There are 2 protein chains.
Amino acid sequence: MATLKDVAREAGLTVGTVSRILNNRGYISSNAREKVDEAMEKLNYRPNEVARSLHGKSTNTIGLIVPHIRHPYFAEMISNLENQAYKKGYKILLCNSQSIQEKEKEYIDIITGNRAAGLILCSGTVDTKVFQRVDIPVITMERFLDNGTACVECDNKQGGELAARKLIACGCKNLLHVGTIGTIPMPADMRTEGFREICQKKNITFVEVSTEEEQYNDLKYDELLESMLIKYPETDGMFLSSDVMAAQALQVCRKLGLSVPEDMKIVGFDDVNIASLTTPQLTTVHQPVKEMAEIAVNLIQDAVTGKLVPKRTVLPVRLVERETT
Amino acid sequence: MATLKDVAREAGLTVGTVSRILNNRGYISSNAREKVDEAMEKLNYRPNEVARSLHGKSTNTIGLIVPHIRHPYFAEMISNLENQAYKKGYKILLCNSQSIQEKEKEYIDIITGNRAAGLILCSGTVDTKVFQRVDIPVITMERFLDNGTACVECDNKQGGELAARKLIACGCKNLLHVGTIGTIPMPADMRTEGFREICQKKNITFVEVSTEEEQYNDLKYDELLESMLIKYPETDGMFLSSDVMAAQALQVCRKLGLSVPEDMKIVGFDDVNIASLTTPQLTTVHQPVKEMAEIAVNLIQDAVTGKLVPKRTVLPVRLVERETT
DNA sequence: GCCTATATGTTAATCGATTGTTATAATATC
DNA sequence: GATATTATAACAATCGATTAACATATAGGC
């Protein structure tokens with residue numbers, strides 16, 4: 001591929017001048033600019049961003065680590081992050097950790113090695129110690145991290161409360177809640193917390209179940225859900241920590257001959273696409289994914305430019321009532 | 001961040017020696033290696049990949065341009081591509097074109113400017129002329145491109161045939177097919193082609209509709225579908241070019257009081273997650289996304305290493321029968 | 001004819017690594 | 001003990017751009 005030197009030679013100028021023209025610095029004659037434009041066109045020149053980044057301190061890349069791309073919530077999140085990154089002149093280096101600690105660590109090495117401007121972490125198995133050695137801004141989403149630069153999350157607890165309140169208002173007496181992965185603490189656990197508090201306050205019987213990594217990875221909760229409904233046949237309302245789970249709960253109910261919402265009320269979480277594609281459509285807790293994504297990217301930029309950055313940003317959620325309650 | 005020079009100073013050696021140790025070339029004393037290890041540990045050194053790539057000819061980045069991340073088919077595709085890329089030592093630079101030509105062009109500039117090893121293109125609005133100037137391997141997926149290095153696709157025509165055959169075998173007499181975006185020619189159009197051929201051969205009445213970009217971008221087909229079903233009330237079978245569309249068709253049928261599969265049979269395309277989360281679950285044409293993704297990444301690698309690369313790879317599809325037929 | 005503003009050339013350093021060539025030790029061989 | 005061999009490092013060029021310092025050249029203004 002053609003280099004600046006080639007362009008300079010072709011245009012009959014020196015690299016210094018051509019670079020000046022490219023970057024609009026100093027004095028430039030329209031004549032020279034024309035010659036350079038022609039030469040670039042002719043040689044199909046495109047500045048080597050690698051060389052440029054080497055000269056500058058960092059790149060305009062944001063490393064993004066998610067546990068799953070296929071999961072609609074993350075697909076939605078990635079999409080919004082990409083969008084905002086594009087607007088701000090960043091590009092996204094996409095890393096799918098699959099919740100594998102080793103892979104996550106490796107990706108952190110790759111991202112820092114590539115001198116990314118910042119790191120957005122939606123995945124959470126890595127030891128926080130790893131991050132003491134990361135010297136670029138780290139924005140966590142739905143993940144605890146003492147050493148992180150900042151954290152963006154939705155009001156998970158409020159979400160759990162909304163779900164519990166709704167189910168109880170619908171007349172449910174025996175609730176079942178399936179939460180996030182039991183082995184890894186994360187902000188999403190607060191959904192359970194909020195749910196629990198309301199149930200206790202209102203004196204409603206409830207069962208709490210957490211999922212296993214395997215189920216999370218395969219997006220396959222039907223067996224767990226079925227066994228739970230068989231184990232607790234008196235259940236008349238469920239709060240699931242994701243819409244994917246809730247959609248599967250619907251299928252399980254159908255299999256077991258339970259009508260929703262007549263025999264069973266269901267509340268999901270996330271409010272992704274599928275929530276309105278199931279039959280009946282899901283009542284769910286809406287996460288402001290777009291705003292969270294925008295804030296995350298903006299925080300990276302602020303942190304890079306040395307601005308003071310809020311340690312924690314919590315956005316409100318809201319209940320979207322559809323047909324399962 | 002610490003550089004090689006810092007490590008060398010710390011270890012009391014020169015950069016050349018340290019580099020040699022890092023890359024295991026030439027003679028190295030265990031003493032020197034030890035000192036370097038210590039220095040790296042102490043300084044938290046991580047090689048600057050930007051500098052490394054500058055020296056080498058290209059990076060190990062693959063540029064990936066998709067029209068949508070949120071669309072479950074692409075989410076699935078991205079996930080599989082990322083996976084294979086990781087296995088092969090590549091990283092993914094993710095670009096969401098939103099089917100906007102200008103954005104696509106800009107991304108191509110960014111990708112080539114960053115000296116990516118190759119480009120995987122799942123999006124298709126850009127003028128093919130643009131690619132005459134791209135000097136890295138370009139693998140297209142579900143997209144025509146004369147100047148591309150290679151193309152990977154599923155047997156779209158066969159998919160259309162399977163769908164038509166199934167609907168006809170179910171006894172449908174008046175079919176409706178909603179295809180891809182009318183204004184942009186793409187391999188997926190062959191689904192329509194295959195569908196049409198079978199209908200004609202079997203003498204079955206059918207209506208063909210194409211979608212608009214706006215609907216594709218918003219993943220919102222319900223209004224179109226509803227108007228079509230009202231316009232063609234005799235319709236008793238539908239073939240939709242994606243599962244997202246098929247899932248929405250189900251909702252529209254429900255709204256119009258049509259039972260599926262009794263009054264209306266439905267066949268989708270892609271076989272993504274939602275296909276088994278709708279009620280009834282979708283009969284659909286399965287695309288071998290994983291294999292397509294693996295092949296695409298492998299083709300990039302082969303092209304980079306100068307291997308001869310097949311111009312076109314077509315993978316078979318298969319019908320997955322669920323509950324809508 | 002001098003000054004100034006404009007335009008470009010020249011030269012060289014820099015970013016952080018890789019790598020070929022060369023220099024210097026340490027050890028082995030006869 | 002001289003010579004060959006092997007081990008270990010230093011030195012310097014290179015990748016492709018940016019940028020600063022300084023020199024030079026042309027033009028117009030007064």
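1. **Ground rules.** This is a predicted model, in which local features need pLDDT of at least 70 and side-chain atom pairs count only at pLDDT 80 or more, while totals for chains, interfaces and linings use all residues. Residues are numbered from 1 along each chain as its sequence is written, with chains lettered from A and ligands numbered from 1 in the order in which they are written.

2. At least two residues each come from helix H1 (4–11), H2 and H4 of chain A, and from helix H2 (15–23), helix H3 (30–43) and helix H4 (49–55) of chain B. H2(A) gives the largest share, 5 residues. Helices (H or I, at least four residues) and strands (E, at least two) are DSSP runs, numbered from the N terminus.

3. **H2 against H3 in chain A.** The axes of helix H2 (residues 15–23) and helix H3 (residues 30–43) of chain A come within 10 Å and cross at roughly 95°. That makes H2(A) roughly perpendicular to H3(A) (the class for angles of 65 to 115 degrees). Axes are lines fitted to C-alpha atoms, for helices over the stretch in contact, and angles run from 0 to 180 degrees between N-to-C directions. On the H2(A) side A:Thr17, A:Val18 and A:Ile21 meet A:Ala32, A:Arg33 and A:Val36 in H3(A); contact here requires C-beta atoms, placed from the backbone, within 7 Å. The residues of this contact divide into 4 nonpolar, 1 polar and 1 charged.

4. **Chain A meets chain B.** Each chain brings 44 residues to the contact. On the side of chain A, H5(A) supplies the largest share, 7 residues. That side has 18 nonpolar, 15 polar and 11 charged residues. Two strands pair if DSSP finds at least two bridges between them.

5. **The sheet of chain A.** An open sheet of 6 strands has the order E7-E6-E8-E9-E10-E12, with mixed pairing. Strand E7 (205–211) and strand E12 (318–320) of chain A stand at the edges, each with a single partner strand, so one side of each has no neighbour in the sheet. The twist averages 20° from one strand to the next. E6(A) and E7(A) pair in the parallel sense over 6 bridges, with A:Leu176 opposite A:Val207. Helix H8 (residues 189–202) of chain A packs on the sheet, and its direction makes about 160° with that of E6(A).

6. **The sheet of chain B.** Here too the order is E7-E6-E8-E9-E10-E12, in an open sheet of 6 strands with mixed pairing. E8(B) and E9(B) pair in the parallel sense over 3 bridges, and B:Phe239 stands opposite B:Val267. Helix H12 (residues 243–255) of chain B lies across E6, E8, E9 and E10 of chain B, running at about 155° to E9(B).

Methods: Contact = placed C-beta atoms within 7 Å. Nonpolar A, V, L, I, M, F, W, Y, C, P; charged D, E, K, R; others polar. Parallel < 35°, antiparallel > 145°, perpendicular 65-115°, else oblique.
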